[in-house]
Amino acid sequence: QVQPVESGGGLVQAGDSLRLSCAISGRPFSGFAMGWFRQAPGKKREFVAATRWSGGLEHYADSVKGRFTISRDNSKNMVYLQMNSLKPEDTAVYYCAAADHNFDEFDYWGQGTQVTVSS
């Protein structure tokens, strides 16, 4: 069983940077992709970024393009989300997820880490 575990959330000011980490526990990940999603209070969970585990392909939501960067370290079974130029609207619980087969369906989810951006 694959279990993503997020860390690195916190309270920052607008314009600051923050890096989220996701450790994949349970067994070495050999699936298709890893991704980050977020859910703000009163809103549905939304896609943020994803990366193919074998490399060479990333996707980003339009709202974070140019500000967020997803990266991975296959040897450490880790995924990261570097968030720059943070805005108050980036405030949300951020979830790490793993997909076994494609970008459309993520099979394993972490518990989430809170990111709060103050204005």
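This is a predicted model: local features need pLDDT of at least 70, side-chain atom pairs count only at pLDDT 80 or more; totals for chains, interfaces and linings use all residues.
1. Residues are numbered from 1 along each chain as its sequence is written, and side-chain values use heavy atoms, with hydrogens and water left out.

2. You'll find six aromatic pairs here (rings of Phe, Tyr and Trp, the last by its six-membered ring, with centres within 6.5 Å; planes under 30 degrees apart are stacked, over 60 edge-to-face, the rest tilted). One of them is Phe 32 with Phe 103: the planes sit at 80 degrees and the centres 5.0 Å apart, so this pair is edge-to-face. Phe 32 comes from the loop between β3 and β4, Phe 103 from the loop between β9 and β10, 71 residues apart.

3. Now look at Phe 37 and Trp 109, a tilted pair with 4.8 Å between centres and 55 degrees between planes. Phe 37 is in strand β4 and Trp 109 in strand β10, so the pair ties together parts 72 residues apart in sequence (strands are DSSP E runs of at least two residues). Ring pairs also join these two with Phe 47 and Phe 106 in a cluster.

4. Arg 45 is worth a click: it lies over the face of Trp 109, 3.7 Å from the ring centre, and over the face of Tyr 95, at 5.8 Å (CZ of Arg or NZ of Lys within 6 Å of the ring centre and within 35 degrees of the ring normal).

Notes: Helices (H or I, at least four residues) and strands (E, at least two) are DSSP runs, numbered from the N terminus.
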